Amino acid sequence: MFGPFLSPLWGDVNDGLWFPQDASTFAGEVDSTFNMILWICIAFFIPIVIALAWFAIKYHQPKGGKATSRVRHNNVLEISWSVFPAFVLVIMFVRGSWGYLDQREPPTGAAEVNVQAFKWDWSMDYGNGIVSPELHAVVNQPTRLVMRSTDVIHSLYVPAFRIKRDVVPGRYNVIWFEATVASEKVSQAELDEALKDAEENHGGDFDPERYGFTRQGYTYFDLYCAEYCGRDHSQMQTVVVVHETQEDFEAWLAAANVKPEGMTDEEYGRQLYQTRGCQSCHSIDGTRLVGPSFAGLFGTTHALESGEQVTVDENYVRESILDPRAKIVAGYQAVMPSYKGQLTDEQINSLVAFIKSLNGD
Amino acid sequence: MATTEALPHDATAEDHDHGDHPAFLAHHFDTPEQQFDSGKLGIWLFLVTEVMMFSGLFCAYAIYRAMRPEVFVGSSVFLNTQLGAVNTGVLLFSSLTMAWAVRCAQLEQHRMLVGMLGATLGCASLFLGVKSIEYSHKMDLGLLPAGFYSYDPHAVHHHEGLSPFLIWMAAPFAIATIGLLVWYVIAKVRKNAFQSLVAGPLLAAGLSFFAGVGLGMLLESGESTEGVEHVSESAEESLAEIGPLVGEEEGIHRQDPVEPTGVEPIDAADAENEPAVARATGVVGQLAQQETNSGVRQQLLAEERQAEMASGRITTSAEDVTGPVGELVQAIDTPRLGGVFFSIYYCITGLHAFHILVGMGFLTWLIVRAARREFESNYFGPVDYVGLYWHIVDLIWIYVFPLLYLIR
Amino acid sequence: MATSATHAGYAADNYLNHSRGLASWLFTLDHKRIGVMYLIGILTSFLVGGLLAMAIRAHLMAPDGALPLTNDQYNQVFTLHGAIMVFLFIIPSVPAALGNFLVPVMLGAKDVAFPRMNLGSFYLWCFGALFLVGALLSSGLDTGWTFYTPYSTTTDTSVVLATFGAFVLGFSSIFTGLNFIVTINTMRPPGMTWFRMPLFLWATYATSIIQVLATPVLGITLLLLIAERTMHIGIFDPEYNGDPVTYQHFFWFYSHPAVYIMILPGFGIISELISVHSHKGIFGYRFIAYSSIAIALLGFLVWGHHMFTSGMSNLTTIVFSALTFSVSIPSAIKVFNWLATMYKGSISLTTPMCYALSFLFLFTIGGLTGLFLGTLNTDLHLHDTYFIVSHFHYVMMGGTVVAFVGGLFHWWPKMFGRMYNEFWGRISAAIVFIGFNLTFFPQFILGSRGMPRRYATYDVEFQGLHQMSSIGAFLLGFGLLVAGLTLLHALFKGKLAPSNPWGGATLEWHCSSPPPHYNFAHAPVVGDPYEFDHIDYDRSIDGYVFTSPPREVLPKTPQAEPATAKDSHS
């Protein structure tokens, strides 16, 4: 009833007050459990508040007034209001536990994605060396995520699917979902305009949040990190794209780790820099972040923590990507995760080209 | 008295002079009994907090023992049971002297009380002396908490002279003992009965630390004539016995998606490359089986390396992995595994030793008060409370000893 | 007996002016002065924590942050807000400040059992606070107040200083709890049986049990964390094969009972407030008393509900869910009993009563929303979102803090002998109530719509609700400011308070306002703490007087007291 009145407050909402879009097989059950509890709570709360207000007004007396009742206990009443709520609680408990067990048992034959969380990005490994920061799945087909972390605890949270699971270093945590709503694909014109805008106004940084769709033109669901993990915790977000068909998904897979036609190495390197988590620790304008800035880096010589000297050449860049802890520049911490197995040779080459290009002309 | 109607509005309440009750009774208490009961309840509650605190450590012990039984079995052979047993006996005896001291306080046997407190203090000191030998010996071997663990079974561990760790641990006691000796001599010379009554037991306690050191050295060297080899052999034996366990246990607590079948016997020659490839299932796995498909193989190996990094299971030197037994010794020897046992060992025994030190402080305070003859038959609370504290410290050791030293 | 004039008015010689000079305060063993010193420290912490909260809310006015704070700075701000509010303010708030003042007075005793230890725990509190401030001044703290590993073992900020501070504060809390348990056990006056104790004492007793049993586990956890950071003991740090989830178990084994350390004393205050200001005996005394103990004990069994998403086994998870529901029943009992107490009472809508009513409303919401989080499948969605943030603020702030402020207004005349301005008191209650709901209700919606907590920046679709929440927070801050100024004003300009301004029947209303140095010159006569028949309003002193000696309600046979009790005084 307040929806239309309040709706400007929460922006583009078209699915009720309490929930984001309902896009997985779990969402219906979670929402209806939530609503059940909500109504039970209202059923308790309204009488309590009415009684509270009514007593406060009705029995209000000036100072010195005497209470009109001396009843100090009533065992029947007290036992009944202790026991009765317990039955209601049992209903909630049973329903919640069934729903929980559903979420814990992945069906056999689910598509599998290996998820790696690190500060502060995600990398989804689809097998066959195809790795992407985005989570892609096929509608109405269960997907199982096997998750691990290389540094601190993260938590994978997709509100639209109502799923959440911590990603704990040192162990594998598993979660699954079956999306029921597919992403839409925006028109090519709209996509081109957004790409152009990103290129012109944002230095090529395509932020899906800004346009409402991904670089490939899919609308998406938000995927958040829900466990506090440090500086860019709030930016540790990515997108979930749900494909209409298996073919569409495979087409995306095929293109995912390949340099697009007509893109130069530098451009592709820049895109990887933006999408694969480099930019959260390495600036390209000389600002010192967690790691050394890439600006003017190539060809320079640095002292290492070990006391040796190293010249930044192709070999050093490649080694630093694949085995970051081998040579740490003095003054920095050994915190970068290895990208071994996550970047193809072509991608590494493109990154090298990109870093080279930052030296200016 | 309850019949009085006077309401407590008498704002000018007289300050309590101590005329109507004994000096030891604090003025917010009405009777010595009330004061004693309060103190007793207070100390019992405090002991509850102590138990809760140690129970946290025992939980950590239980959890990690359940997760890595082989590490605990393999590592506990490094603990010297004889030294532990000696210390257990010393603490049990000190509990006896402590209880006796309480009795003396009740019976107002003042000199005997000082003696018993001194004996307890001496036992505590002896305990720490033995403990310092245990610690310094392990530190010399590099048996340290996970972060510093550097034990190398192949190195020769023959240390000439005193361990620097021992010197650091013994130095404060040496200084204190010398100080006490000087004090004692001066007190004797000046014929100050009170001071010599206090300094005597303290000096004895200081000396008993070094008695403990000597005893510890004796027992420790007795062990090491048979050699460190003995220790590491038994470590290897016990590891070999539980060898199969390890594989299972690894498989259980790491639900590694890439290796659902658990650890297979590893071909020594190809130990480095085979596992991930062999274990990979599905299409990728089939692809990886072909020697020519080096890209996929590399991919899988890299993934495995990553998984290992994620789980922190990086072996420091991969080259001397020769087979199941070798690998297991390796697993124990690497800091990331073997250290856990010693982390828990140092935490539990360290916290316990800290409690002994605090108890020694209390005992010293009691000795001074006992020498002043402050305790009497209806005021012996402090002795009783410290006694209770001492018994709990003893009791905790009674649990620590079997858990760390005996259970294999 | 006649209404003696000494009942009304400011006692000439009281604990405040009994001795003078700074040293007479710093080295005092008087529980009332220690309580007042605690109060000053705690309110200062509350002010600092509150300003940090304002900074958080101001920053969240815009999706990319309205204040010029970097993400790192934002993380430090919310961490310090949490750490200060939890460790320095809310845990010691009611027990250490109000409890210290009230427990012996309500017992008719001269002091707590161990006055030196009491002063010691105050200094431990100061010492712990210094460490936390030290952490803030050196390189800050950005782990969240929970210090989750491995983040806390790898971050560059001063985790060791802060955890050591929390460790010391834990011991302060243990000693306070221990002192109260002993005091209540051994120093009750003749005639005060367990079931004639004021409910505030029951709540304090239950709280103390938790403090004594749970806090040592926090102590050892923090010690292990310090060892992990300095020596890499490999218990919590996965880098050395430790297990971060084990840390969470250890941590919440303390910190969930700690939630009840925070809320139980609030229950105690509300039981007193509702009864006194309704001038009617508390309804279902035994149920309230037992439910406090039940909460204290059940509170030890539910820590796992903080880890439903961390990776516990299904069975463990479901068991913890079931236990979690069980703890909600005693809380519900209390709410019903308070309502029944008001029924057919004679309700004075004084400032403390306004806060108590506000508490009932807010705590009920806080408690009910806990059901969404105890239910497993909804928790998977709501865990670590703003729904949680809102839930625990409804319980902690809407519950404990509102009760604490209500308690301050209730006992302020007793503590300092001055009345405050009722009008402004009630205004503050109203502003706090409105501001609070405006702040935190939108956060429920934010959370269930998927806004994760501890985010320095957020997606634009959440902006409307965030702004609403921020405006509410400023209003809430303003309301608390009004409350604070009202109380401060009373200290200097308030008219002198009668000894019993509200018509309470518990023992603290028998002594003068403020109480004399030793509280009671003679052991007071213990009556029923909730018997209001013989307390009448006296217009001339604007307070209540006891019209007939309460001795009628003495038990027929005096207690079989431990032999001796009190004889030395008669």
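**A first walk through the model**

Author: Let's begin in a loop. C:Asp542 sits in the loop between strand 1 (535-538) and strand 2 (543-546) of chain C. This is a predicted model.

Reader: What is the phi of C:Asp542?
Author: About 50 degrees. That is a positive phi, although C:Asp542 is not a glycine.

Reader: Is C:Asp542 buried, exposed or partly exposed, and why?
Author: C:Asp542 counts as partly exposed because its relative accessibility is 23%. Buried would mean under 20%, and exposed over 50%.

Reader: Okay. What about C:His232, what phi does that have?
Author: Phi of C:His232 is near 50 degrees. The value is positive, and the residue is other than glycine.

Reader: Where is C:His232 found?
Author: In a loop of chain C, between helix 7 (199-231) and helix 8 (244-278).

Reader: And why does C:His232 count as it does for accessibility?
Author: Its relative accessibility is 22%, so C:His232 counts as partly exposed.

Reader: New topic, peptide bonds. Which residues does the cis bond in chain C join?
Author: C:Thr149 and C:Pro150. Omega there is about -5 degrees.

Reader: Where is C:Pro150?
Author: C:Pro150 is in the loop between helix 4 (115-138) and helix 5 (151-154) of chain C.

Reader: What about the bond from A:Lys119 to A:Trp120, cis or trans?
Author: Cis, with omega near -10 degrees. A:Trp120 lies in a chain A loop, between strand 1 (111-118) and strand 2 (121-125).

Reader: Staying with chain A, how is it divided?
Author: Into domain 1 (3-60 + 69-104), domain 2 (111-183 + 220-256) and domain 3 (265-357).

Reader: How far apart are domain 1 and domain 3 of chain A?
Author: Their C-alpha centres lie 53 Å apart.

Reader: Now confidence. What pLDDT does chain C average?
Author: Chain C averages 88. Of its residues, 94% score at least 70.

Reader: Where does the pLDDT of chain C stay under 50?
Author: One such stretch is residues 1-9, for which the model has 18 contacts beyond four places in sequence. Over residues 556-570 of chain C the pLDDT is also below 50. That stretch has 17 contacts in the model beyond near neighbours in sequence.

Reader: Last one. What scores does the predictor give the complex?
Author: An ipTM of 0.87 and a pTM of 0.83.

Terms used
Residues numbered from 1 in each chain as written. Chains lettered and ligands numbered in written order. Predicted model: local features only at pLDDT ≥ 70, side-chain atom pairs only at ≥ 80, totals over all residues. Heavy atoms only, no water. Helix = DSSP H or I, 4+ residues; strand = E, 2+ residues; numbered from the N terminus. Buried < 20%, exposed > 50% of the residue type's maximum accessible area, 1.4 Å probe, protein only. pLDDT = per-residue confidence, 0-100. Contact = heavy atoms within 4.5 Å. Domains from an automatic or database assignment.
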